[in-house]
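Trainee: I would like a close look at a single part of this protein, with some background on the whole chain to set it in place. Please keep it plain.

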Amino acid sequence: MKKVYVFEKNKLALKFLKDFFKGSREYSARFYTDEGKLKALKKGCHALILGAPDYAEKINLSEIQCPLIATVLDVTKGMRSIIKHNIESYLIYPFHKDDLEYKLRSVYEKRGWIEKLYTEKKDLEAIADITYHISSSLNPKEVLFFVVKRLSSIINVTRCSVLSIGVGEHTHATVVSSFEDPKIKDIKLDLKKYPEIRKALRIKKTVIVKDAMTDPIMKPIREIIKPIGIKSIVVIPVIFRDEVIGSLFLRTSRAGHIFTDREIKLCSAIAKASATALYNAFLFEKLSTEKAKLEKLAITDFLTGVYNIRYLYHRLDEEFSRSQRYNSPLSCIMFDIDYFKAVNDTYGHRIGDIVLREFAQLIKRHTRKSDVFARYGGEEFILLLSHTSLRGAVSEGKRLSRVVKEHRFKEIGDKRLTVSMGVSSCPHKRIKTQDDLITFADSALFEAKNKGRDKVVVFK
């Protein structure tokens, strides 16, 4: 029943109002005569009838948020007061039941319109807020979490998450964002347990399960979800230009009561508002990934997967300048695989390329991340060691030589490889440029080969 509060002292008006509300099945009236209680009124009533328009001064209208109806006995004085306090509905003596009935229905309708407008305003503000925030981010994870977090703050839901389903996938879905925690991700769902998601995936349209206990689509899993208390579910494909973006689905569920039409519309509007931003974010991420791949390709030797000579010289300039500026040691080791031509002649160039890659990756695994290991040409490689003295470089060269000797290369069976190495290091009185560092390491390598290979020789 609709609650009505009445503040009335006049006996004629009080009798009329009590007669009107007595036995009413639509309204429940509570009568007051103490003006002191006017200020204590809170939300909870649907309408407030005041025995005098001046009572409006004693009410905190923003607190009770309900329409007013004033009773007027003296038309001249009363109408001035009504205009003064901006009261739209009033009853003029002599009172009539039909008039009061009409006034009550009018204020209720007006209140309903105001509430609807207020709700729609909040929804539009929410959509605008989401659109603004997600459009300002090019990180898909941030966009997805903001969507579910904001939606869950507007609508009381048990679960709110975004799912990703691979193209052609019909068995599993992955939770990529959930409103409970931005760290929750990559949780796999068995689609056998989610018939509503399977249907949304199939028809690419919103699927609404108003009552999970009676909807035929939920019959296979009804007994499973019954203890959880899930009442209503909405699954909305996130679509951009008639395509489901990466098969993303916004899924919300609620216990206790069903989703209203307004809430479903809001979910759909947010999904639509998110689509463009998500598409841009995914596109940006894809472009960033492709850019990173291209950048990596630009500095990587295509055969061995280690740095190429262009990147080596770029880093050599940086490291040599830093060494000169701070007087810190910088060492260079030049490698050459001994008798590698025999590998190519015996097993063929294709096997030779595989062995060369395996060798490069072996050395890379056994060096520091701060070191620069690059292919110099053919079967020659260079290792730049920052903050490493000549003694440290020789020790590192001997260690890597043992690593190569002990390694069994898959494609050449029991045949073992060895390497010759030339080492140079600065500060050194004859090393004045970065090219000198390479030249002298090359000279030392040439000496190592002349001395019978499988040696680490230092430029002196």
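Trainee: What percentage of the 460 residues in the protein chain do buried residues make up? And where is Ser386 found, and which residues does Ser386 touch?

Mentor: This is a predicted model. Of the 460 residues in the protein chain, 44% are buried. The chain has 13 helices and 16 strands. Its accessible surface is about 26100 Å², and carbon and sulfur atoms account for 53% of that area.

Now to Ser386. This residue lies in strand β14, which covers residues 380-386. Buried means under 20% relative accessible area, and Ser386 has 10%, so Ser386 counts as buried. Leaving out residues up to four places away in sequence, Ser386 touches Glu319, Pro329, Leu330, Arg368, Ser370 and Asp371.

Contacts across the sequence can also be counted for the chain as a whole. Taking contacts between residues at least 6 apart in sequence, 61% join residues at least 24 apart.

For a second case, look at Cys267, which sits in helix α8, spanning residues 261-299. The relative accessible area of Cys267 is 2%, so Cys267 is buried by that cut-off of 20%.

Note on methods: Residues are numbered from 1 along each chain as its sequence is written. This is a predicted model: local features need pLDDT of at least 70, side-chain atom pairs count only at pLDDT 80 or more; totals for chains, interfaces and linings use all residues. Side-chain values use heavy atoms; hydrogens and water are left out. Helices (H or I, at least four residues) and strands (E, at least two) are DSSP runs, numbered from the N terminus. Buried means under 20% relative accessible area, exposed over 50%, partly exposed in between (1.4 Å probe, protein chains only). Contact means heavy atoms within 4.5 Å. Accessible areas come from the Shrake-Rupley method with a 1.4 Å probe; for residues, only the protein chains shown count as cover.
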